Structures are given as C-alpha cells and as structure tokens.
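Trainee: Hi! Could you walk me through this one?
Mentor: Happy to, let's take a look together.

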Amino acid sequence: MAKIIAIANQKGGVGKTTSAVNLAASMAATKRKILLIDLDPQGNATMGSGIDKYEVEYSAYDLLVEDVPFDQVVETETSGGYHVVAANGDVTAAEVKMMEMYGRELRLKNALDKIKDQYDFIFIDCPPSLNMLTVNAMAAADSVIVPMQCEYYALEGLTALMDTISQLASIVNPNLKIEGILRTMYDPRNRLANDVSEQLKHHFGDKVYRTVIPRNVRLAEAPSFGSPVMYYDKSSSGAKAYLALAGEMLRRSNKSAAA
C-alpha cells in the first residue's frame, strides 16, 4: 500500500515542485513504483517530468471532476521513470467545479483509494496557496513534506503553515502528520541560513531532514530540458542531494515500520 505524501508550502519559490520531481525520480531509481500527482495549474511538475502539459488528453481535472478512470488519466512515459497525473490550466476549473460537489474535500482521496496498492509512494505537488486543491491533497495524504528556504520570512510562514495543517487535520484528515521539513536552496556561507537552520532543528528536532538541498545551477536548469536533475547531470550536487534525501526517507520509513 502506497505511502501518500503531500509536498506543500503556502509560500511560492521555495523549491516545492523541484523537490516533488526530483524526489519522485530518486525514489524511482531505487526500483520503487512511484506516482507523482501535479495539482498545481501551472503544470511545472508535469513539464519537468518530460510531459507537454498542452498535449495531454486528460489531467488532474478529469480525475477530480469528471471521474475519468485512473488508467486513462495516468501518464506512464516520463523522463524520470515514475508515473504522473498531469496538470495544466484546466486544473484551475477543478477548484471551481468541486465547490458545487458533495464530498468535495475527498475527491482525490476516493480516487487514490482505488489504486494506491499499485505504488510504493505517491507524491502530491500542491499549489502555493490554501485552496480546494490543497485541501484535497491534505485529505488524501498520510503526511506532508514542507520544503523551505532558511530565511526569516520563511520561518514566519512555517508557523502559519503548521497551524493550517493542524486545522486541516482536525477537519478532513485526523491521521495527517508532518513527514519532514526540507531545507532547500541552502548556502552554508550565509550566516542567516545557518541561524535559521539551527532554529528549525531546535524547534522541530528530528522532523528536520539531515539532508539539505543546496543552491545549484543544474537544479534550476533541468526543468527546461524536461528532466529531473539526476538524468540531466547526475554528478551535480543537486542530484546527489535528492538521492541522499530518498535514502534518508527510506531509512526512516523502514525504521518506523519495524518499530
């Protein structure tokens, strides 16, 4: 049965989609069966997986609103070796349509309940806002990964996000928990980054991943080639960091399963 992980942060530009794509590819490289669901109407995770969002026949909209069967919606030919439920501008309409639907918060959960035994991990790339799409992701997920930059405003935003996750858990998913906090775009030469990093570890302890994602040009370039960074430049620091993160997550998962 798949572990379903939402990757979320209300703040944009924190490496959320980069983390979703590269974590999916790194997990797939360990021979796990991975599904990446793109719930962001910008469709960046879709494009970064080598899928043209303008050419897809079905998107997350069709899964959430039209009840199109999963096997028709899922894209299996990707550049990262994982499956994708694509997103494009149509997904914006899904939020509006779902507002009129009964059980609208559970549309994604109900769709995934039918297929989650086909995968080891399902990652959901959330839009950078709290809307019905994000609520669906939180209702469907077992846990949340929060990518964040080590800067002052990000720390303030994290407090708000934790409150939001707590409120959503009480309303739509009492089992939802924080999977981990991921430090992204990290520059160890920056004193503020080091200070914020220490504060994170002090407040959240082992919820903060030991792996940090560095600032890396290759990570920024890879999406324009429609490829996860490990297939664009496997020797880059960004590729190595996401592979290390996948390893850390698998060790944690095995440890909790054994406990």
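Trainee: Which residues is P228 in contact with, leaving aside its neighbours within four places in sequence?
Mentor: P228 is in contact with V21, N22, A25, G48, S79, G80, Y82 and A222; contact means heavy atoms within 4.5 Å. This is a predicted model, where local features need pLDDT of at least 70, side-chain atom pairs count only at pLDDT 80 or more, and totals for chains, interfaces and linings use all residues. Residues are numbered from 1 along each chain as its sequence is written, and side-chain values use heavy atoms, with hydrogens and water left out.

Trainee: How far apart are the C-alpha atoms of P228 and V21?
Mentor: They are separated by 6.2 Å, although the two residues are 207 residues apart along the chain.

Trainee: Is P228 buried or exposed?
Mentor: P228 counts as buried because its relative accessibility is 1%. Buried means under 20% relative accessible area, exposed over 50%, and partly exposed in between, using a 1.4 Å probe and protein chains only.

Trainee: And where is P228 found?
Mentor: P228 sits in the loop between α10 (217-221) and α11 (229-232). Helices are DSSP runs of H or I with at least four residues, strands are runs of E with at least two, and both are numbered from the N terminus.

Trainee: New topic: what does UniProt place at residues 2-178?
Mentor: The UniProt record, an unreviewed entry, has the feature "domain: AAA" there. Such annotations may be inferred rather than shown by experiment. In this model, the span is 41% helix and 15% strand, and its end C-alpha atoms lie 17 Å apart.
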